[in-house]
Amino acid sequence: MRYATTDVHGCLRTLRHLVEERIGLGTTDELYLLGDYVNKGPDSRGVLDYLMQLQRTGYQVHCLLGNHDYELLQAAREARPLAPWAAGPKPDQLTLGSFGVAHPQHIPEHYLQWLEALPLTLELPDFVLVHAGFDFRLPPERMRTDRHSMLNIKNFTFDASRLQGKRLLHGHTPVPTQELRRRLKQRAGAIGLDTGCVYRHNPELRHLSALNLDSWELLRQENLEPPYPIGHR
């Protein structure tokens, strides 16, 4: 089976429960993650360790780059602080604290190299996967390579002809589960999978969602993390 999920944002306990208990991931399954493994939540490093461990031990785990992953990587490479929008209320305590460092440039190199190797998009026989979406107003050759829009775009008009009839699966913009279920029922051409797991105070969000790409079954796991500071969205 093929599964996709997105926008983990440091919620390691929730991710593990989704993968191991709800999905029951096996080595013949494929799991696609659409980015944003770090920032805002309590254990960014733990999420990266877990994904890297799954890959090392023979699980077919395919990861895309998200805007928060890119921000962390750029802050480390440029030796600057994390952007306030990216890290949440207490970046030193949460994002950097999970790595045991005070500055992004001190994050161990193997995490940075792993992030640098992540692709912006993956193409399956029936889906195109990307973190945020595409700017369908761009020329076709630019649309698939414009990093800024692929990592950050929030509103776009979907054009199936640009993807040769394939559906677009993305994250980045949190939506209530009810809206996601509606899009799945419609078999919509563009489906956003981010149900705002990290926003633990928001009852209409606070779930990590995974879609079975073969059966269209939606699996949801409510946030299981210990309390951490995060604002309402």
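1. In helix α3, the buried residues (under 20% relative accessible area, with exposed over 50% and partly exposed in between, for a 1.4 Å probe and protein chains only) are Asn67, His68, Asp69, Tyr70, Glu71, Leu72, Leu73, Ala75 and Ala76. The helix is thus mostly covered, with 9 of its 12 residues buried. Helices (H or I, at least four residues) and strands (E, at least two) are DSSP runs, numbered from the N terminus.

2. The model is a predicted one, in which local features need pLDDT of at least 70 and side-chain atom pairs count only at pLDDT 80 or more, while totals for chains, interfaces and linings use all residues. Residues are numbered from 1 along each chain as its sequence is written, and side-chain values use heavy atoms, with hydrogens and water left out.

3. Helix α3 spans residues 67-78 and reaches 16 Å from its first C-alpha to its last, close to the expected 16 Å (1.5 Å times one less than the number of residues). Alanine 79 follows α3 and has a positive phi, near 50 degrees.

4. Helices α1 (residues 12-23) and α2 (residues 44-56) pack with their axes 9 Å apart, at an angle of about 25 degrees. Axes are lines fitted to C-alpha atoms, for helices over the stretch in contact, and angles run from 0 to 180 degrees between N-to-C directions. The two helices are therefore roughly parallel to each other (under 35 degrees; over 145 is roughly antiparallel, 65 to 115 roughly perpendicular and the rest oblique).

5. On the α1 side, Leu12, Leu15, Arg16, Val19 and Glu20 meet Gly46, Val47, Tyr50 and Leu51 of α2 (contact means heavy atoms within 4.5 Å). These residues divide into 6 nonpolar, 1 polar and 2 charged.

6. Strands β1 (residues 2-5) and β2 (residues 30-33) pair in the parallel sense over 4 bridges; arginine 2 has glutamate 30 of β2 as its bridge partner.

7. Strand β6 (residues 167-170) pairs with β7 in the parallel sense over 3 bridges, and histidine 170 stands opposite glycine 192 in β7.

Methods: Ala, Val, Leu, Ile, Met, Phe, Trp, Tyr, Cys and Pro count as nonpolar, Asp, Glu, Lys and Arg as charged, and the others, Gly among them, as polar. Two strands pair if DSSP finds at least two bridges between them.
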